[in-house]
Amino acid sequence: MTNYVVRRLLIAIPSLLGISVILFTVLALAPGDPFEELATNPAIPPDVRAALRASLGLDDPVWTRYFSWLTAMLRGDWGYSFVSRVNVDQLILARLPTTLAIIGASQVLALAIALPVGVMAATRPYSVFDQVANTLAFIGFSLPTFFTGLLLILLFSITLDWLPFVYRADLTSTGWTWWGEQIRQSIMPVAVLGLFQGAAWTRFVRSAVLDVIRLDHVTTARAKGLPEGSVTLRHVVRNALIPVVTLVALQMPTVFGGAIVTEQIFRVPGIGSLLISAILANDTPVIMAVTFVFAGLVIFFNLLADVIYGWLDPRISYS
Amino acid sequence: MTEDDLRQMIGRVQRGTLTRRGFVRRMAAVGLTAPMATQLLAIAGAAPAAAQTASAYPSRRGGGALKVLYWQGATLLNPHFAVGTKDQDGSRAFYEPLAGWAQDGTLEPILAAEIPSRENGGLAADGRSVTWKLKRGVKWHDGQDFTADDAVFNWEYAKDPATASVTTGSYRDVNVVKVDDYTVRVEFQKPTPFWADAFVGSRGMMIPKHLFKDYMGAKSREAPANLRPVGTSGYKFSEFQPGDMLRGEANASYHMPNRPFFDTLEVKGGGDAVSAARAVLQTGEFDYAWNMQVEDAILKRLEANGRGKVNIVPGGGIEFIQLHTRDPWNEVNGERASLDSTHPTLSDPKVREALSLLCDRNALEQFIYGRGGPATANFLNNPPRFRSPNTKFEFNIAKANEILDAAGYTRGADGIRAKDGKRLKFVYQTSINTPRQRTQAVIKQAAQRAGIDIEVKAVTASVFFSSDVANPDTYTKFFSDIQMYTTTMPQADPQLFMNQYVSWEMSTKANSWQGRNIIRWKSDEYDAAYRAAEGELDPVKRAALFIRMNDLIVGSNHVIPLVGRPTVSASLNTLTHKLSAWDLTFGFLHDWHRAA
């Protein structure tokens, strides 16, 4: 097992290097620089812009920039934002708690919906419950989040005036009022993301459970006279979970990566909105750091999923 | 209006028979900007009146929270590194300049004890220096005194090329001398009619010497105070998340009485302009929303809720079209749009005149920009009442056709005009931005009816406005026949604004396309007028020179002004603010309060 993990980690190094080369090249090839606003301002002489570009190293050849980035990264220096003139790790860390809270809560919500509903629907296929759940799931994952987000804002903030639609990461109140305000402002973004994800997962759980429920060992378990509940939980769901775990594990990096569109709509100061504003401003070090961390997380969670397989299904072994 | 009339009027102001405001208004009628009119008075010896602050300011503090929404949040808080207005505003919440520009064009003292003038000895008669007296008893938020050393330090800091500050243009060509602890003198290399640049407005915010002196030059980005500003303003820094949130709390020992009104200041960033407008005008979650780049129809609908209003502050920003003087398609001497070439068809004044007649500016105002874009005939632009009387615009397709017919451009089989084998076929580029694409469509349609074929091209803003030398689509390269964008006029004086057409600023390969004269236009008369204005201490003559420059460039039709771009913002009805197009949104934040 340890051998396996070590081997996988070693394989990850060249993958990460490859990813970083591709990311860096694509970003370097992308035109533009972070000084758009200086351009149309006659009070700023053009040579000031040129000097700024030079001071940020934007005029160096791509490979020099890549190697200076790589060596700095290996030393743990993630570079600093061209736009904010702040270290990138500081920018990311400041936004991580909000992202974890909002996206994490939405993933929990999604799981809390998908697992019970998917299993129930699969154990009673083509019943009324299954039909309704299926229809809702279809609607849920067919509607894009930017649409449902605006719809919720229109309904709950503007028409009913119940919920705020500007998320604030720095509520000044304390104690229960803080929790109250926090929940009020989180409901809409969490619901939008959670319901969308939950809908997709529901359909997935349902089909995974349906595949297992027809197998012989389930019939055997029933024939032994085991109660239906324990048949479902111990003999069906545990086996059906394997593909679901892969799916959920691969979804985990987005918990750290944020949700670009939803964060923008609700002004949630998460990693996603950091990434989009960095992209719009051509802030290469920030884009590079966020996407690279994201790539690292994808590799890590893939490994984690593989390890969990071994625990869920003793037939899979890595020795 | 002749020079004599002007002199008489200045005399009346000096004798007190004409108010300064009345003077400014009369100047407006002949096309002079308010700031120019004011400087004109200052240099002619009619001292600017003391600051005329808002009349009904409440005599109390404790106004609760002021919540402001920026759909692009401030990303840094050092005024010398502030790339965009959002960053300058973020910095301005904590740092202050010596003086700010009010909307009527007067200078208002902030950290200065008074505005320099000829009477108080602040302005030298030869125009080579200006002496600022600093307000005494001003303290930084950490309790240290604000003195002349701080002002001198800001000059040293900004002019150092290693600092790579964006304000360096205002400081590198001047010399700043400490006269005593509360007096500084700014010395110019040559007579300078526009003296209020360094230490004034968005360029003049002061950072404290005691916190930044160890972080000059290359070390500037390591200063801890870059993210935790210690300024002199009415609000002390409490929290900052780049791109997201900025918070401050009232500074109890602020140097202006009864100010600030609010207990806390919150500036939230992110999102989009439309929902920011909603958060103020519809739900009232926020007091003020910045830069409402929203269709006017939507703003009007939101305003109908009766909760808030849309503020339109006219400034110098202008959306305009450029017609190339050079040939952008063929390399001459190894360079496209080389100075040794001329544009095959646009060099014909008749073609340019026809194109100018095909721009339906009234339609642009009415159907695209609304209140956010009043149609105009001037490049050097001001509020509507400030327009130069010498220019006018017209939309007339029939007349355009007549002119082209008379000039010998005949329609081919496909309806496109041509003369000597040169077809009237142009590429018209701009940045991606909905109103701009709609404008392109309007002009393309009109041109079609006059036998001119226009191919529209839209470039992502971050590319179009970049200084990337390797990219062919930047606006400074101008490798197309026609292009359109907005140029802003952040300074209250037209000198820097009007250098966009002098011949020594031509954008070429040799200067990496950094020149400001993007159309590569050359006019000896314009050059001479500009040179004269640069050193002209007589404000009346100087004013006439700038008007002449405007008329020259607009008259050439190489530049077709379309609509002015006032700053548009939204605020709650209960908020009383003070805005100025010549200064930052937060330029007069200390005067903001809530109506009782």
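Colleague: Over residues 286-312 of chain A, what share of the chain is helix, and how far apart are the end C-alpha atoms?
Modeller: Bear in mind that this is a predicted model. Residues 286-312 of chain A are 100% helix and 0% strand, with 38 Å between the end C-alpha atoms.
Colleague: And what about residues 100-123 of chain A?
Modeller: That stretch of chain A is also 100% helix with 0% strand, and its end C-alpha atoms are 33 Å apart.
Colleague: Which residues of chain A does UniProt list as "transmembrane region"?
Modeller: The unreviewed UniProt entry gives residues 9-30, 100-123, 135-158, 186-205, 240-266 and 286-312 of chain A.
Colleague: Switching topic: how many residues of chain A are in contact with chain B?
Modeller: On chain A there are 46, and they meet 50 residues of chain B.
Colleague: Which elements of chain A give two or more residues to that side?
Modeller: They are α2 (36-39), α3 (46-55), α5 (88-123), α7 (145-159) and α12 (271-280) of chain A. The largest share, nine residues, is from α3(A).
Colleague: What is that side made of, by class?
Modeller: The side of chain A that touches chain B has 25 nonpolar, ten polar and eleven charged residues.
Colleague: Now chain B. In which sense do β5(B) and β6(B) pair?
Modeller: Antiparallel: β5 (residues 174-180) and β6 (residues 183-188) of chain B pair over six bridges. They form a hairpin, with two residues between the strands.
Colleague: What stands opposite B:Lys178?
Modeller: B:Val184, in β6(B).

Methods: Residues numbered from 1 in each chain as written. Chains lettered and ligands numbered in written order. Predicted model: local features only at pLDDT ≥ 70, side-chain atom pairs only at ≥ 80, totals over all residues. UniProt positions renumbered as here; feature names shortened; annotations may be inferred. Helix = DSSP H or I, 4+ residues; strand = E, 2+ residues; numbered from the N terminus. Contact = placed C-beta atoms within 7 Å. Nonpolar A, V, L, I, M, F, W, Y, C, P; charged D, E, K, R; others polar. Pairing = 2+ DSSP bridges.
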